[in-house]
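Keep the structure open while reading.

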Amino acid sequence: MNNTGNAPVQLTDVRKVYGTGPGAVDALAGVTYEFAAGTFTAVMGPSGSGKSTLLHCAAGLDTPTTGDVHLAGRSLRGLDETSLTELRREHVAFVFQSFNLMPALTVRQNVVLPMTLAGKQPDDAWVTEVIRAVGLGERVKHRPSELSGGQQQRVAIARALAGRTAITFADEPTGALDTTTALEVLTLLRDQSRRLGQTIVMVTHDPVAASYADRVVFLVDGRIVSELRRGAVHPTAEAVAAELAQLSAGRLSPTES
Ligand SMILES: Nc1ncnc2c1ncn2[C@@H]1O[C@H](COP(=O)(O)OP(=O)(O)OP(=O)(O)O)[C@@H](O)[C@H]1O
């Protein structure tokens, strides 16, 4: 697959090897993929297939062993840490499992922190709207320690939405949420991608979560092996689960099974 050069997130023959010698692990075995502007993509695959490694390499949080990543039009190869931090602050939001909230700050202060760090003026009305949309309108002055795990995750999601960055990386964003809140959060992410043209890359184990995405890519043993795209047929939870089951079954070679 050739990259066209326009996508906000592009991986070109990205390989990531952990360790050396006989114990080395090929976490990514040559991934070339474009996460196109305004698309919401779910990354799925069996445990250990390389999903988190792909997300970390794509976001510049980890360095590929070989290959290149372009983020917001810039090659990450050889970029120093300061430039990388600036690039991320300007263009990227994160919703990770470890919420990375600042314990001393209130909900609202946490939500606007990336903008403050990037020297941007928060849009107060929009910040209020996203905090309300994630169901924390009554808790803006609470600190993370006064919130449940699910509520803390919602702060992280509000923080990602508030900055209206071009790109959001999400790692199991709904893992700690009850079903109702999870569906609200997925709807918010989908709306964000549709309304603001944001590119969202989400790792998930959950076919229902993946069904909110426009595209679902499947990783097996560090390679993208298939893809479902919204077209005539929506990537339904059933279609995603069926593909995953087939890939997981196919992964067991006759000698292993
Ligand atoms: N820091 C590391 N050192 C050595 N091996 C690693 C490291 N991080 C990941 N791996 C290995 O790389 C492979 C891919 O790991 P990764 O965490 O990307 O998979 P994953 O698909 O996200 O898994 P899961 O669904 O279980 O979270 C695995 O075999 C894992 O053991």
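Q: Which strand does β6 join through 4 parallel bridges?
A: This is a predicted model. Strands of a sheet pair through backbone hydrogen bonds, either parallel or antiparallel. For β6 the sense is parallel, and the partner, over 4 bridges, is strand β7 (residues 167-171).

Q: In β7, what is the bridge partner of Val95?
A: β6 and β7 run parallel. Within this pairing, Val95 has its bridge partner in β7. That residue is Ala170.

Q: Which residues of strand β6 (residues 92-95) are buried on each side?
A: In a regular strand the side chains alternate between the two faces of the sheet. In β6 both faces are covered. One side holds Val92 and Phe94, and the other holds Ala93 and Val95.

Q: Is Glu90 buried, partly exposed or exposed?
A: Glu90 sits in helix α2 (residues 81-91). A residue needs 20 or more other C-beta atoms within 10 Å to count as buried, and 12 or fewer to count as exposed. Glu90 has 15, so the class is partly exposed.

Q: What distance separates the C-alpha atoms of Glu90 and Ala166?
A: Along the chain, Glu90 and Ala166 are 76 residues apart.

Q: Why is strand β9 described as largely enclosed by the rest of the structure?
A: β9 covers residues 215-220. The strand is largely enclosed because, of its 6 residues, the number buried is 5.

Q: Which strands pair with β9, and in which sense?
A: Strand β3 (residues 40-44) joins β9 over 4 bridges, and these two run parallel. Val43 stands opposite Val217 there. Strand β10 (residues 223-229) pairs with β9 over 6 bridges, with Val216 opposite Leu228.

Q: Which residue in the turn between β9 and β10 has a positive phi?
A: β9 and β10 form a hairpin with 2 residues between them. The positive phi in the turn is about 50°. The residue is Asp221.

Q: Which residues of the largest nonpolar core touch the most other members?
A: In soluble globular proteins, nonpolar side chains tend to be buried together. Here the largest nonpolar core has 66 residues. Helix α5 gives the most to this core, with 7 residues. Those touching the most other members are Val43, Ala58, Ile157, Ala158, Phe169, Val201 and Val216.

Q: Leaving aside neighbours within four places in sequence, what is Val201 in contact with?
A: Val201 is among the core residues that touch the most other members. Leaving aside neighbours within four places in sequence, its contacts are Val9, Phe35, Thr41, Val43, Leu55, Ala58 and Phe169.

Q: Which helices do the buried residues of α4 pack against?
A: These buried residues are Val127, Val130 and Ile131. They pack against α3 (107-117) and α5 (149-162).

Q: Which strands are the edges of the open sheet of 4 strands?
A: The order is β2-β1-β4-β5, with antiparallel pairing. Strand β1 (residues 9-18) joins β2 over 8 bridges. β1 also pairs with strand β4 (residues 66-71) over 5 bridges. Each edge strand pairs on one side only, and the edges are β2 and β5.

Q: Which element gives the most residues to the shell around the ligand?
A: The shell includes Tyr18, Gly19, Val25, Lys51 and Ser52. By class it has 3 nonpolar, 8 polar and 1 charged residues. Two elements give two or more residues, β2 (25-35) and α1 (51-58). The most, 3 residues, come from α1.

Technical notes. Residues are numbered from 1 along each chain as its sequence is written. This is a predicted model: local features need pLDDT of at least 70, side-chain atom pairs count only at pLDDT 80 or more; totals for chains, interfaces and linings use all residues. A residue is near a molecule or strand if its C-beta atom, placed from the backbone, lies within 6 Å of it. Ala, Val, Leu, Ile, Met, Phe, Trp, Tyr, Cys and Pro count as nonpolar, Asp, Glu, Lys and Arg as charged, and the others, Gly among them, as polar. Two strands pair if DSSP finds at least two bridges between them. Two residues are in contact if their C-beta atoms, placed from the backbone, lie within 7 Å. A nonpolar core is a set of buried Ala, Val, Leu, Ile, Met, Phe, Trp, Tyr and Cys residues joined through C-beta atoms within 7 Å.
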